[in-house]
Amino acid sequence: MSGFAYRVADGKAERVDIEKALDTPGDLVWVHLTSNNEQAQAWLSGVAQVPDYVVDALTTSESRPRCEALGDGAFLNLRGRSNEAMTASDPLASIRIWAMAGRVISVTRRSVTAVDDVVKQIEGGTIRDPGDLIAEFAVAITEELDPEVADLGDSLDDCEADLDADKVFVLRRGVTKVRVAAIGYRRFLTPQRAALEKLAALPCDWLQDDDRLHLNSAADRAARMAEELEAIRERSALMHEALTDLRAEQIDSRSLLISIVALIFLPLTFLTGLYGMNVEGLPFAKEPWAFDAIGGVCIAITVGIIGYFSMKRWFG
């Protein structure tokens, strides 16, 4: 079974063995499991004596951010950045947390970068109880996601600045990528805000006033990012419509040019086809100046049609 455990006593943290972590007294015992295999489930049910419905919540394959008060503890599911490759529809990895007085158990299927930040904080002595630990998770996750959302907005700004008919296909790919990413992030940030607000309002003795303030601050940040993602999604839709219009205009202009060329060559093709027939009776067919005359007529027709189109501004 992979993972690690920490025990905090008198403000000092030490790393302990997972199998013996819950037997050591302290102000806080944090056990983090990095897999959801049968061995981890057996440890949660047997050694940790976690209720079955909590074990199911900690090890389920599909999950979304939520918070539930369960007896003297609370279950919290958050989504954060991961070092592993994620899909566009599921860009954030899940971390499930079961917390109660003096004890926190967290489980991840994929790596969550915020875990490393929390480990540094607990080793630095700034985390002393379960409330501090969960508040640090909430703050670390939202701080990591904030620049990701800002980068999406900057990418869309660059696309809007480069809006040009000659770059339609390149810009469409960029806008589509930003829009898909914004939808994927917003899918989790909106319920994450609700989960953090609900946790901050729970009547848990192990949550102090400063912990609730940090949780509310993280919830506000998540709300702001969700609003920004909604704005990015709407801007992307408008940008997509603008690119579609530019593409239509580009196609129309090219179709117009092709039509003009066809109109110019239509009478010329008729004239040359007529005199290209191998039959008797064509006017001036045996005159030595006939070729020059027909060539001159073709040039005159071409100049006349181009001049007419220019006067009507069909080229512009």
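A pocket is defined, on a 1 Å grid over the protein atoms alone, as an open set of points where a 1.4 Å probe fits, with protein on both sides within 12 Å along at least five of seven lines; lining residues have an atom within 4 Å of a point. The model is predicted, so that local features need pLDDT of at least 70 and side-chain atom pairs count only at pLDDT 80 or more, while totals for chains, interfaces and linings use all residues. Residues are numbered from 1 along each chain as its sequence is written, and side-chain values use heavy atoms, without hydrogens and water.

The largest pocket holds about 230 Å³, a volume being the space filled by probe spheres set on the points, which are joined across faces, edges and corners. Its lining comprises 14 residues, with S61, R79, M86, D90 and R110 nearest the centre. Four of the lining residues are nonpolar, four polar and six charged (Ala, Val, Leu, Ile, Met, Phe, Trp, Tyr, Cys and Pro count as nonpolar, Asp, Glu, Lys and Arg as charged, and the others, Gly among them, as polar). Strand β6 (residues 93-100) contributes most to this lining, with three residues; strands (E, at least two residues) and helices (H or I, at least four) are DSSP runs numbered from the N terminus.

For the second largest pocket the volume is about 190 Å³. Its lining residues include E148, D151, K177 and Y185, and by class the lining has six nonpolar, one polar and three charged residues. Helix α6 provides the largest share of this lining, five residues.
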